[in-house]
Amino acid sequence: MHFSGQVHKVGDHIDTDAIIPARFLVTSDVRELGASCMEGLAPGWVDRVKEGDILVAGKNFGCGSSREHAPLAILGAGMPVVVAHSFARIFYRNGFNMGLLLLEVGDQIEGINDGDELDIQVEEGVITNVTQKTTIRFQPIPAFMQELLQGGGLIEYVKRQKSA
Amino acid sequence: MHQTLAEKILQTHCREQITGPGQIVKCNISLALANDITAPLAIKSLKAMEVDAVFDPSRVALVCDHFTPNKDIASAEQVKLVREFARAQGIVHYYEGGEVGVEHALLPELGIVGPGDIVVGADSHTCTYGGLGAFATGLGSTDVAAAMALGETWFKVPETIRVEISGHMDPYVTGKDLILNLIGRIGVSGALYKALEFGGPVIRDMDVEARMTMANMAIEAGGKVGLFPVDETTLVYARDHGRSGDVLLAPDPDASYARVMHMDVTGMEPQIACPHLPDNVKPVSQVKDVRVDQVVLGSCTNGRISDLRRAAKLIKGKKVAKGVRFVVLPATPGIYKQALKEGLIETFMDAGAIVGPPTCGPCLGGHMGILAGGEKCLATTNRNFRGRMGSLDAEVYLAGPDVAAATAVAGEIVHPETI
């Protein structure tokens, strides 16, 4: 897997109410949710996001609610991957279940600035910051999550279990 | 092998031997839960999984408590979808209308969750049932859909932070104050991916409702679960709520912990979480000159009968400050009826409070108490994220029921002993 795009950087403890406030939770349509992505952080935030851009966040990204609408909103906004210092637990599971790739890089997050161009080689475990001409290595994705991703996500996993 | 509470409960639901933190295990579940916001997505996922029937219609709970009574056409459509699914699947524990309560107050009250259970809910405050000694945790809708389909889910065995609580609690200090104090100390990611396990003399003397309030907010420290041992107090509660066959459950004496913390609560004041994170915690005496526009008493954290009793005792014979909206939402129909019987509702209404139906409404900024720009609210709920209860320019402070009642009367955040 390979991703490249422009960085949209947010801070620490970005909660699920910031990602998608409750008033938008009356739909499960991914595009509709995407149009309201980060509406709780700053209204209109999503307007500058282009398809394929990369969300970069600080500590504990996605804390708060179990709402799956949060990773869906990020995907719906056109961002296929989030690079963060760390993720909140439920959000981490939800991301992989929904097909949103989440990469934890710890303190190395400091070296990425808003607007930088990133190039991510998932199998190699390397993020190249094209703008800053630096590289970051990320923690390997846990084996079980890889298995889930490679098998087509949780929905496909259940289909296989039910037919086994 | 010496096991923590989390490991012990997981082990009883898991065929393989649990060897320690980090291991990924498959466990059978006691109950899978979703609400009117998260069930529609779970139903969509079940369809995509080509699942025709849930694993057991008596072990799935669907509680329409967030946008109910429906606030608009879109939320009514969501509930309609859940209702039709429940009917088609023969879901035993489906609740809406006059039967509905805030899920994490309702299910323990009905004896649907209890000691030693594994409960997965598409709601982050599912961890509340840890107060009853259940391994209960929030997951996303698709994870819960998978659990509804298979009757099992996977967990990474968590590391555990043991919290030993000792000392003497002052009369206006509650379980809410203890958990706020802890979150203030360890931070909103202090228990990230970990279990919080509570113990010590203060816990032994604590009733189950206060334990549920504390377990409820484990997620606000990033925790996977907040666990209390199953003791005689728990067993009496479980029996009183229609359960049978529950047994005592405690961690092994030499269980291995990531960290052991000691809290002495002697001299602790009521605690306030200031905007905009639950770990921005200060003792009430340090929160000065904060005038409020709204006070909310309710939610899965503090909408139980013991909370209403404490608040009513303080507000009896007094009046809500002019210009302040005091919203009181008993968490279940059962709690509402009990409060009526005891005269608590009359006390609140005499004081000038707005008493509403059981609903999660204002807690998540859904409805029934939304804040305008520049407004401040003191709530007994569990989150004060920016914009959570309405306008991005509003502020939410969190506290226990005593501070809520006192603040409603004073019109500003005060120590309960001052009114």
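**The annotated site and its surroundings**

Tutor: In an unreviewed UniProt entry, the annotation "binding site" covers B:Cys300, B:Cys360 and B:Cys363. UniProt positions are given in the numbering used here, feature names are shortened, and annotations may be inferred rather than shown by experiment. The three residues span 64 residues in sequence, yet no two of their C-alpha atoms are more than 9.3 Å apart, so they gather at one spot. B:Cys300, B:Cys360 and B:Cys363 also belong to the lining of the largest cavity.

This is a predicted model, in which local features need pLDDT of at least 70 and side-chain atom pairs count only at pLDDT 80 or more, while totals for chains, interfaces and linings use all residues. Residues are numbered from 1 along each chain as its sequence is written, chains are lettered from A and ligands numbered from 1 in the order in which they are written, and side-chain values use heavy atoms, with hydrogens and water left out.

B:Cys360 lies in the loop between strand S16 (354-355) and strand S17 (376-379) of chain B, and B:Cys363 is in the loop between S16 and S17 of chain B. Helices (H or I, at least four residues) and strands (E, at least two) are DSSP runs, numbered from the N terminus. B:Cys360 is buried, with a relative accessible area of 10%, and B:Cys363 counts as buried at 9%. Buried means under 20% relative accessible area, exposed over 50%, and partly exposed in between, with a 1.4 Å probe and protein chains only.

Contact means heavy atoms within 4.5 Å. Leaving out residues up to four places away in sequence, B:Cys360 touches B:Asp65, B:His66 and B:Val102.

Now the cavity itself. On a 1 Å grid over the protein atoms alone, a cavity is a set of points where a 1.4 Å probe fits but cannot get out, a pocket is an open set with protein on both sides within 12 Å along at least five of seven lines, and lining residues have an atom within 4 Å of a point. The structure holds five cavities of 30 Å³ or more. The largest cavity has a volume of about 230 Å³, where a volume is the space filled by probe spheres set on the grid points, joined across faces, edges and corners. It is lined by 23 residues, of which B:His66, B:Asp123, B:His125, B:Leu364 and B:Arg388 are the closest to its centre.

By class, the lining of the largest cavity has eight nonpolar, 10 polar and five charged residues. Ala, Val, Leu, Ile, Met, Phe, Trp, Tyr, Cys and Pro count as nonpolar, Asp, Glu, Lys and Arg as charged, and the others, Gly among them, as polar.
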